[in-house]
Amino acid sequence: MKILVLGGDGFCGWPTALHLSSAGHDVTIVDNLSRREIDARLGVQSLTPIATMQERIKAWHDVTGHTIRFAQFNIARDNEKLCDLLANTKPDAVVHFAEQRAAPYSMRGPAEKCYTVDNNVGGTHNLLVALTHYSPETHLVHLGTMGVYGYSGAGFSIPEGYLEVDVRDDAGQPQSREILFPTKPGSVYHMTKSLDQLLFQFYAQNDQLKITDLHQGIVWGTQTDHTEMDPRLVNRFDYDGEYGTVLNRFLVESAVGHPLTVHGTGGQTRAFINIRDTVRCIELAIKAPPKQGERVKILNQVAETLTVIDLAKLVASRTGAPIQHVANPRAEATENELVVSNATFQALGLDPLLLDSSLLEETIVLSQKHRNRVDLSMIPARSAWNRDRQQDIDEKSLAA
């Protein structure tokens, strides 16, 4: 298959591109390298030393003989280039990772909030328009987030995208309807993913585009079998307060002798998936597209759920690191439940890796190997969701 991987230089995009190329697909990466530019602006670097895009692609060819092509442009701004690429390649599938992915960064300030909306929503809409007019047979696979559902608990297992409801008509008779599961985004980033859903619904209905939307949990781990094949292929590893996912941040903290910083009580339940399962799920989704004219296919891409405090205790038990409770920058419930259905991926054959697997030890070793690259000042999460949260952070910092 001919596959475009948008955002293929990123944390999930790069190992996905390698996985698809290794499987024999004709892969082209599109990326504007904005994630590297954000690192430069924040004054932080990946824990792992990542090669340039040109070095990465050359290394992949050196090791495997496979060729990955690369086009550098911004899909949210360079609509003409995007249209030309789709018109010329007519890909079988487009995998869309090209969005600003960090909730804390999206709440950092006015510029970051506006950038996240302009980049994410603008890029998604440009892609849908380009597909409609230049490659309507292409299957779009989008990486969404479990965060669109919010974290307040539903009292039942969250279904895969759709909810059957009964409403009474004017005559008092019950009428059954199927609606998108109500969204409750917890950040500007999550809001853009909620808006993506509406865009997908419209273009699937109006133009019969084939769209799969993957609501993914928090990704843990860094390496896959393919990124481990050569040092130049290593994946990025974010540990800072803006981009570091909670488990990877805990592992780096343990490696440098820093307490595991648990936000609030740690009673927040999150969904998790290993990076190796992410790339497998993407391939499974590509192989099982909806038919033209069908509704958007929404799949929950998760392996398990765990509270943040239980996750911290798991890491502490493996590393001996102490746990420290700090002010929570997020405007969220102190505790929540989260039960999620991942029935479709299980039916497609996914046997997910869990947090108690040996891969956790591999990630601990990787964190310790590169601990000399850690900037301790970048570990704390400083982007507060609102004024009340900022005041709480400031007061607890003074008390400390």
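Modeller: Arginine 56 and aspartate 9 form a salt bridge in which the closest N and O atoms are 2.8 Å apart. This pair connects distant parts of the chain, since arginine 56 sits in helix H3 (residues 53–64) and aspartate 9 in the loop between S1 and helix H1 (13–22), 47 residues apart. Please keep in mind as we go on that this is a predicted model.

Colleague: How should I read such a pair, and are arginine 56 and aspartate 9 buried or exposed?

Modeller: The general idea is that side chains of opposite charge can pair when their charged atoms come close. In this case arginine 56 is buried, and aspartate 9 is buried too.

Colleague: How many salt bridges does the structure hold, and which residue meets the side chain of arginine 101 in one of them?

Modeller: The structure holds 23 salt bridges. In one of them the side chain of arginine 101 meets that of aspartate 238, with 2.4 Å from N to O. Arginine 101 belongs to the loop between S4 and helix H5 (103–106), and aspartate 238 to the loop between strand S9 (218–220) and helix H8 (246–255), so the pair ties together parts that are 137 residues apart in sequence.

Colleague: Why does arginine 101 count as partly exposed, and why does aspartate 238 count as buried?

Modeller: The reasoning rests on cut-offs, because buried means under 20% relative accessible area, exposed means over 50%, and partly exposed is in between. Arginine 101 has 27% relative accessibility and therefore counts as partly exposed, while aspartate 238, at 5%, counts as buried.

Colleague: Which residue forms a salt bridge with glutamate 332?

Modeller: The side chain of glutamate 332 meets that of arginine 270, at 2.6 Å from N to O. Glutamate 332 lies in the loop between strand S14 (323–326) and helix H11 (343–347), whereas arginine 270 lies in strand S11 (residues 269–274), so this pair ties together parts that are 62 residues apart in sequence. Arginine 270 is buried, with a relative accessible area of 6%. Elsewhere, salt bridges that share partners join Arg35, Asp39, Arg101, Arg236 and Asp238 into one network.

Colleague: Let us turn to strands. Which way do the side chains of strand S4 point?

Modeller: In a regular strand the side chains alternate between the two faces of the sheet. In strand S4 (residues 93–96), Ala93 and Val95 point one way and Val94 and His96 the other way, and all are buried.

Colleague: Which strands pair with S4?

Modeller: Strand S1 (residues 2–6) runs parallel to S4 and is joined to S4 by four bridges, with histidine 96 as the bridge partner of leucine 6. Strand S5 (residues 139–145) also pairs with S4 in the parallel sense, over four bridges, and there histidine 139 is the bridge partner of alanine 93.

Colleague: What is the order of the strands in the open sheet that contains S11?

Modeller: Three strands form that open sheet in the order S9-S11-S13, and their pairing is mixed. S9 and strand S13 (304–307) stand at the edges with a single partner strand each, so one side of each is left without a neighbour in the sheet. From one strand to the next, the twist averages 45 degrees. S11 and S13 run antiparallel and are joined by four bridges, and arginine 270 stands opposite leucine 306 in S13. Helix H9 (residues 275–287) packs on the sheet, where it touches S9 and S11, and its direction makes about 75 degrees with that of S11. Helix H10 (residues 308–319), for its part, lies across S11 and S13 and runs at about 90 degrees to S13.

Colleague: Which residues form a nonpolar patch on the surface?

Modeller: Met191, Leu195 and Leu198 form this patch, with about 250 Å² of accessible area together. Leucine 195 is found in helix H7 (residues 188–207), and it counts as partly exposed because its relative accessibility is 33%.

Note on methods: Residues are numbered from 1 along each chain as its sequence is written. This is a predicted model: local features need pLDDT of at least 70, side-chain atom pairs count only at pLDDT 80 or more; totals for chains, interfaces and linings use all residues. Side-chain values use heavy atoms; hydrogens and water are left out. Buried means under 20% relative accessible area, exposed over 50%, partly exposed in between (1.4 Å probe, protein chains only). Helices (H or I, at least four residues) and strands (E, at least two) are DSSP runs, numbered from the N terminus. Two strands pair if DSSP finds at least two bridges between them. A salt bridge is a side-chain nitrogen of Lys or Arg within 4 Å of a carboxyl oxygen of Asp or Glu. Axes are lines fitted to C-alpha atoms, for helices over the stretch in contact, and angles run from 0 to 180 degrees between N-to-C directions. Contact means heavy atoms within 4.5 Å. Patches are made of residues with over 30% relative accessible area and no salt bridge: like charges are joined within 9 Å, nonpolar side chains (Val, Leu, Ile, Met, Phe, Trp, Tyr) within 5 Å. Accessible areas come from the Shrake-Rupley method with a 1.4 Å probe; for residues, only the protein chains shown count as cover.
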